[in-house]
Amino acid sequence: MTAVHPAPRRAPRSTLPVLLAGVVVAGTALSAWGARERTTWFLETVWVLIGLPLVVLTWRRFPLTGLLCWLLAAHALVLAVGGHYTYAQVPLGDWVRDTFGLARNPYDRFGHLMQGFVPAVLVRELLSRTSPLRGSRWLAPLTVCACLAFSAVFELLEWLAAEIGGHGADAFLATQGDVWDTQWDMFCALVGATLSVLLLSRVHDRQLAALEGQREV
């Protein structure tokens, strides 16, 4: 009598990525509806327009952790809101400015904080899964350095937009008269990346291990 071996289990498919992708698509589409400045909307959301299709196309070969999916979706919505209103005119930022007596709308500061906080998990995931750095003491500092480098590149892109567009790029730059806006933007990204590494590394490591286990089943 031949023994019957049970078929190997397949890792369960999560609906979370599909739901989050739907939210991002809907949020980005809504942000385009009645956007104050079409060019600014495009410049702010182009990362979403490129990033989401890239994630979808590479998902079968390189699925992402749930933590990273949540963070990417949240960042996409932050960009969509900034693109719809322009960063200097986001109503929530106006409320914070008026409530706390600030000199400027702080939404762009929050955006640059997210520019470090979210990419830190993305960079950490890529390095952990494609390089020998997983578990290395160099993983955290190199992750932060990569995020700061990206922030610097983004500021160079803003400088290029200012050179090409002149005053027409003011809404995209959102400097609001602050001569130190570039330095503040990079500092916020640095703080965001550092906080992300300090706060999320343990839960991220657990999800990376779980993802590896699912792919081996």
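What is the mean pLDDT of the protein, and what share of its residues reach 70 or more? I noted first that this is a predicted model. The mean pLDDT is 89, and 87% of the residues reach 70 or more.

**Entry 1: confidence along the chain**

I then looked up where the confidence is lowest and highest. Helix α7 (residues 170–173) has the lowest confidence, at a mean of 59, whereas α3 has the highest, at 97. I also examined residues 4–12, over which the pLDDT is below 50. Beyond near neighbours in sequence, that stretch has 4 contacts in the model. Where pLDDT is low, the predicted coordinates should not be read in detail. I therefore did not read the coordinates there in detail.

**Entry 2: α1 against α2**

Two packed helices are described by the angle between their axes and the distance between the axes. I looked up both values for helix α1 (residues 16–32) and helix α2 (residues 38–58): the axes come within 11 Å and cross at roughly 165°. Angles over 145 degrees count as roughly antiparallel, and α1 and α2 are therefore roughly antiparallel to each other. The crossing of α1 past α2 is left-handed.

I next listed the residues that meet. From α1, these are A21, V24, V25, T28, S31 and A32; from α2, they are R38, W41, V48, L49 and L52. Sorted by class, this contact holds 8 nonpolar, 2 polar and 1 charged residues.

**Entry 3: α3 against α5**

I recorded a left-handed crossing for α3 and α5.

On the α3 side, the residues in contact are L67, L68, L71, L72, A74, H75, V78, V81 and G82. On the α5 side, I found Y107, F110, G111, M114, Q115, F117, V118, P119, V121, L122 and E125. The class count for the contact of α3 with α5 is 15 nonpolar, 4 polar and 1 charged residues.

**Entry 4: T86**

What is the phi of T86? I read a value near 75°, which is positive in a residue other than glycine. Most residues other than glycine have a negative phi. I located T86 in the loop between α3 and α4 (91–100).

Is T86 buried or exposed? Its relative accessibility is 1%. Buried means under 20%, so T86 counts as buried.

Key. Residues numbered from 1 in each chain as written. Predicted model: local features only at pLDDT ≥ 70, side-chain atom pairs only at ≥ 80, totals over all residues. Heavy atoms only, no water. Left-handed = near helix turned anticlockwise from the far one by under 90°. Helix = DSSP H or I, 4+ residues; strand = E, 2+ residues; numbered from the N terminus. Contact = heavy atoms within 4.5 Å. Nonpolar A, V, L, I, M, F, W, Y, C, P; charged D, E, K, R; others polar. Buried < 20%, exposed > 50% of the residue type's maximum accessible area, 1.4 Å probe, protein only. pLDDT = per-residue confidence, 0-100. Axes fitted to C-alpha atoms, helices over the stretch in contact; angles between N-to-C directions. Parallel < 35°, antiparallel > 145°, perpendicular 65-115°, else oblique.
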